[in-house]
Amino acid sequence: MSETWGALADPDTSGDAVRGAHVVTDDRAERERLLPDGGVRSDRVLVYNPVSGNGDHREEVRELADRAGFTVLETQAGGEAVAFARLAADAGADLVAAAGGDGTVNEVARGLDAADALSEVTFGVVPTGTGNNFAGNLGIESIEHAFEVLADGERRRIDVATAGRDAKRGDELFLNSCIAGLTAEASASTSPELKDRLGMLAYVVTGLRTLREFDALPLAVEADCPGADKAWTGDAVMVLVGNARRFPAEGRSQANCEDGLLEVTIIERMPPADLLQEAAIHRLFGDETEHVTRLLAPELQVDVRRDDPVGFSFDGEIAEYQSLTIGTRERVLEIPVGESYEPNPEGR
Ligand SMILES: Nc1ncnc2c1ncn2[C@@H]1O[C@H](COP(=O)(O)OP(=O)(O)OP(=O)(O)O)[C@@H](O)[C@H]1O
C-alpha cells in the first residue's frame with residue numbers, strides 16, 4: 001500500500017507525514033527532526049502537483065499510485081517539487097516520478113540533480129498538466145497510460161540540457177525546451193485552432209498580433225556545431241532551444257533527445273505582413289529560410305545585446321539572463337517511454 005503525504009493523507013495515518021509535506025529545508029538535521037522515521041519509506045515516489053492542469057485528477061492519481069505502490073508527495077506550493085524529489089533521491093528511492101505539467105517535471109528533475117542523482121534513479125512522468133508537451137514527446141498519452149508505461153514501458157536514457165551564466169555553472173536545467181521571445185508572452189492567448197494549423201508558429205503569429213509593439217531581442221548566438229562553428233547575430237522574435245522538443249517543421253515536434261545535441265530555431269524579426277502571408281508561413285515550415293535559422297549543436301552561447309536581461313522559459317519556468325551558456329549531459333537520465341516514442345524522429 002502506498003503512503004501519501006500532504007493534503008492527500010488520511011487524517012488517521014498522517015501525523016508526522018503531513019508535516020513531511022511541508023519540509024522544504026535543505027538542512028538534513030531539520031529534515032530528520034520533522035521526519036523522525038527517516039523520511040521517504042518507499043523505493044518509488046510520486047511527486048504530485050495537485051493544481052496542475054485543471055486540477056481534477058487527484059482521485060485518479062491517488063488510486064493508480066496506490067495500486068502501483070508509490071509514496072505520493074503532494075506539493076502545497078510552487079517549488080516544493082524540487083525539495084521533494086531531492087528528499088526522495090537522498091532517501092534512496094530508485095523510481096521518482098513527476099505528476100504535473102512541464103513545470104513540475106522540471107522541478108522534479110532539478111531536485112534529482114540537487115541530490116546528484118540524475119543518473120542514479122529512474123524518472124517517470126504522469127501528465128496532469130495543461131500542455132504536457134514533454135510527456136507527449138515521450139509518447140505518454142494519459143494518466144492511466146503513464147502508469148502502464150511506468151510498469152513496463154521501454155526504458156531509454158535521454159539527454160538533460162543545462163544552462164547558466166558560464167559553461168561550468170549549470171544554474172538551470174531543462175528536459176523539453178528553453179524559449180525566449182514572443183512565445184512565452186503569447187502562449188496564453190493563442191487559439192487552439194491556430195495552434196492546430198500552425199503549431200509553434202501560432203504563438204509567434206498571435207504574439208505579433210496581440211502586442212502592439214514587440215521589442216525584438218537583440219541577440220548574438222554562437223553554436224559549437226559539429227564540423228563548424230556557427231554564429232548568428234540579429235533581432236530575434238523567438239529563439240527555441242530544444243532538447244526533447246523542436247520547432248515543428250514538417251513532421252513531428254519531438255526532437256531526438258538521445259543525441260547530445262540541442263535543436264535550435266531562431267526566428268528573426270520580419271514585417272508582420274510577411275509572417276501572416278500563407279506563402280511565408282509555408283516557407284517557415286520548411287528548412288532554413290531567410291528569416292529562420294536552424295542549428296544543431298552540443299553547446300550554445302546566447303548573449304543579449306542590450307542592457308536589460310531577457311526572460312528565458314526553461315520548461316515553462318521563467319528566469320532572466322543577460323548571457324547564457326547552454327549544453328547537454330548526454331543520455332544521463334533513465335526514463336520509461338510510451339510505444340509511440342521514436343528515438344530518432346527525423347531519421348538523422
Ligand atoms: N500546490 C501548489 N500550489 C500552487 N502552485 C503550485 C503547487 N504545486 C506546484 N505549483 C506550481 O505550479 C506551476 C505549474 O505547474 P505545471 O507546469 O506542472 O502545470 P501546468 O502549467 O498546468 O502544465 P504545463 O506546463 O504542461 O502546461 C509550477 O510553476 C509549480 O511550481
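How many helices and strands does the protein have? In this predicted model, there are 13 helices and 16 strands. The chain is divided into domain 1, residues 4-152, and domain 2, residues 163-329.

**Overall fold**

- The protein has 348 residues, and buried residues make up 46% of them.
- Among contacts in the protein with a separation of 6 or more, 73% are between residues 24 or more positions apart.

**Where the domains meet**

- On the domain 1 side, 10 residues are in contact with 11 residues of domain 2.
- Two helices, α6 (102-114) and α7 (133-137), each supply at least two residues of the side of domain 1 that touches domain 2.

**Around the ligand**

- The ligand has 21 residues around it, and those that come nearest are G78, G101, G103, G129 and G131.
- The shell is made up of 16 polar, three nonpolar and two charged residues.

**Helix α6**

- Is α6 largely enclosed or largely open? Of its 13 residues, 12 are buried, so the helix is largely enclosed by the rest of the structure. A residue counts as buried here if 20 or more other C-beta atoms lie within 10 Å of its own.
- The buried residues of α6 include the charged residues D102, E107, R110 and D113, along with G103, T104, V105, N106, V108, A109, G111 and L112.
- The length of α6 agrees with expectation, because 13 residues at 1.5 Å a residue should span 18 Å and the end C-alpha atoms are 18 Å apart. The expected span is taken as 1.5 Å times one less than the number of residues.
- After α6 comes D116, which has a positive phi near 60°.

- Strand β14 (residues 310-314) pairs with strand β15 (residues 317-321) in the antiparallel sense, over five bridges.
- Within this pairing, V310 stands opposite Y321 in β15.
- Two residues lie between the strands of the hairpin, and D315 takes a positive phi near 50°.

Technical notes
Residues numbered from 1 in each chain as written. Predicted model: local features only at pLDDT ≥ 70, side-chain atom pairs only at ≥ 80, totals over all residues. Domains from an automatic or database assignment. Contact = placed C-beta atoms within 7 Å. Helix = DSSP H or I, 4+ residues; strand = E, 2+ residues; numbered from the N terminus. Near = placed C-beta within 6 Å. Pairing = 2+ DSSP bridges.
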